[in-house]
Amino acid sequence: MDTSRDDPPAARPAASSVLRSDPRWPRVAVSVALWASMVLVPLALLCAAGAWWLVGHTPDATAVAERAAEQPTRILSADGVLIDTLGERLHASRTLDQVSPALVQALLVTEDKRFYEHHGLDLRRMVGAAWNVMNGEIQGASTLTQQLARNLFPQRIGMERSLLRKLREITLALKIERAYTKDQILTLYLNQVRFPYRVTGVEMAARTYFSKSAQELDLHESALLVAMLKGPKRYDPEQAPERAKARRDLVLTLMSRAGAIDEATRARATAQPLGVHLQRLDLGPQHAPHFVRLVRAQLDDWAEAQGADPRVEGLTVHTTIDTRLQALAEQAVRRQAALLQAVADQEWSKPALRTGADALAAGQGGQTETARSPGGEPARSPTAFTHFWSQQPTLLAELARETPAYREARAAGLDDALALRRGLADRDALQALKFQKTRLEAGFVAIDPTSGAVRAHVGSRDPAQDQFDHVSQAQRQPGSTFKPFVYGAALQSGIRSTDILYDEAVEIPLPDGTVWSPRDVGEATGEPLSVREGLARSKNTITAQVMRRVGVSAVIRYAQLMGLSRAKLDPVPSLALGTSPVTLLELAGAYGSFASLGVKRQPVLISHITDRHGRELARFAPEPQRVLTETQALEMVDILRDAVNSGTGGWLRSRFGLRVDVAGKTGTTQRNTDGWFIAMRPDLVAGAWVGFNDQRVTMRSNHWGQGGRNALLIVGDFLRAGLQAGRIDQRARFPVLPKPEPVPEDMSADPGAQTSPMLHAALAAGALPPTAPPRPTLPPPIQAPLSPPDAPPVVPNLQGLRAAPVQTLTPVPPAPAPVLRWSTPRELPAPAPRELPPLREPSPQRELPPPREPVHPSEPDDPNDEEAPAVVRL
């Protein structure tokens, strides 16, 4: 019997003992180790290589500091107003104590509650975000340090949703945490966070949305800026106000739950409206855009020479513009140019010319209309310039070829004649082009003659409609505003301001065999006039005689010495009447040599430049150059004072009621193409130009075409407003001109020519002949424009400036005789005699004109006596 099944079962050996007793165990262990090493070691090496690559290919602490230190260059006005910013984005750094505490609390509660606890990564938040993603809810887990890394280097870190981008972000965040303290990181974040409209940092965001600094933000305003961080464009209060308000209220609720504010405070804040006052700073300069363009050009030249980048180095450019005077100048240009536009529209609307008071009333009536053009200007009448276009078929055809209908017809294969008919039939487009072509333009500049600083600069009526700068770019004929340089050269050559000339036709032979014979609007009267009266009344016949005696070359040298060094002055006798184009900026600067009592200074746009720490890097001051003695300058100022008191600039007194010490000169070119006026005060030179971009379009009547009736309006408006606002010193006066020596009776170069006591009595009684009434002008002939819109701007040369304060005046050595002598006969011995064309001796039969009532000192003489076309007779 088999009893083996009754034996008790033997105990089974343990697994470990089996493995130890199994001879295959060592080989299995070795195989597992080999396989593990084959997988884990390359994986470890791969991770190490990836970490090394991430560390090497993400910015280090130095790059972070450099990027955080990048700041755009700010351009400030003389009165401390930010007028422009250079750089990709608008940015202004602030410290923590310069930011509202409510903004900091809202940021930490909403974006990173444990900011002061983690070291760049919030593991608890990452785990929670991963769990929410598994449940289908996308939730961000980036800390403020990670967001800062992304904001500092958006191109190198990337903005896409990927593992590589996240690893780069984490690596840079760990670097930032090791290099900076928590407060420093929070400061960097507040200064680098991005908002719409090219805004970076909470300071510029506060200025953009609330027109206040970040330190002045209220609770609800701080919550709104923090709310926008989730999606700056999506929660932009300007584009989506309801969505932005809901997000703002959520931020306030989170602050209440975290204990940062109580429930009552939260309720009051949520009841507040958004309160946004958007001030977009990314649309270009808000003040003096033409001036800022010149400043940028000069800044680029300086930065290139210094090897600096003004867009990231945080420079501060201190300019000379005064925003308060600039605002008054812009208002004067808009107001008076709109009035003159309405006058021109009325004058050219019908064949019968309406001028004088009728046109003025029509213009003022047009200004009171409520209808406005897209640019904010008074709407123009549909009948404006109707008569003008009926007289200009060639110019009308040019406009028709610019219409869409003409271009489409030509593209369809039609010939020019048929396409031109289509263009003329496109009434809406053609009317818009007509209005653009006949749009009156203006330029204005104000300069401090004691420093050369440009205080106001208005390049056009509306920079949005006309970006062409009529102050520094437009080169136009100055007309009679050039005459002071002719008379100044005459006084320097020994001619006295009391010398007598006669208002009669002048014929000056030219080298080509023709004769230049300038005329005034009225007929020559033959009356005797002093040199002083000839300039004050702007008589062309007297000016031509003075030019003939002085010589063209002497006048050119004098004008260049006074400041017209960049203008191309043609050496022809007609230069005396201002036929060589100049810019308004250069002309006003030359007048500043008179107002500064003989010291020439180049116009200056930038006073000095400082770095981000306020250290001065460069100071720009014009090199002063004495070109006249004080007595010589005062004599010219005194003569030009007569032009305001009793000459062509009389509207400055009668129309604007100015009773301050002021001198000035009007200017008008042929066919009333350009109107000029320059006014001089001891502390300010103000000049204006009025005209049309296309010189084939002009003011129609001699009445409103004169510079004393158009450009003077802008200067007078500005001076009156500046005096009333206290921006211009009413007490400033020029020094008193020394009393001249007695004038000998022999007033001419001919020893036999003498003036009689009767003549002196007639002059003292104001015996002046009557002037001819204003006459309507015919439509002007076609003439090519002299100042194309693409003409380069005339930028003041920085080479004439130096980086040190002005200490003393550097006199200029006198020019060789007999060109200009730096003294008047009353100061030094009389100059040596020289050959001069003799003045015509009065005929014994000459009869003096009948006396007339003296001109009232506050009213101008007839403006039609100012200028007339220069006639060339064979």
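This is a predicted model: local features need pLDDT of at least 70, side-chain atom pairs count only at pLDDT 80 or more; totals for chains, interfaces and linings use all residues.
Local features need pLDDT of at least 70, side-chain atom pairs count only at pLDDT 80 or more, and totals for chains, interfaces and linings use all residues. Residues are numbered from 1 along each chain as its sequence is written, and side-chain values use heavy atoms, without hydrogens or water.

The chain has 874 residues, and 52% count as buried (under 20% relative accessible area, 1.4 Å probe, protein chains only). It holds 31 helices and 23 strands, taken as DSSP runs (H or I, at least four residues; E, at least two) and numbered from the N terminus. Take the contacts (heavy atoms within 4.5 Å) with a separation of 6 or more: 75% join residues 24 or more positions apart.

Now the interior. A nonpolar core is a set of buried Ala, Val, Leu, Ile, Met, Phe, Trp, Tyr and Cys residues joined through side-chain atoms within 4.5 Å. The largest has 77 residues. Phe482, Phe485, Phe594 and Met680 have the most contacts inside it. Beyond its neighbours within four places in sequence, Met680 touches residues including Phe594, Val637, Leu640 and Phe734. A second, separate core has 58 residues, among them Val333 and Leu440.

Helix α27 spans residues 630-645. Of its 16 residues, 13 are buried.

Last, an open sheet. Its three strands run in the order β3-β5-β4, with mixed pairing. Strands pair if DSSP finds at least two bridges between them. β3 (90-91) and β4 (194-195) are the edge strands. β3 and β5 (residues 199-200) run parallel, joined by two bridges. His91 has Thr200 of β5 as its bridge partner.

Terms used: Buried means under 20% relative accessible area, exposed over 50%, partly exposed in between (1.4 Å probe, protein chains only). The expected span of a helix is 1.5 Å times one less than its number of residues.
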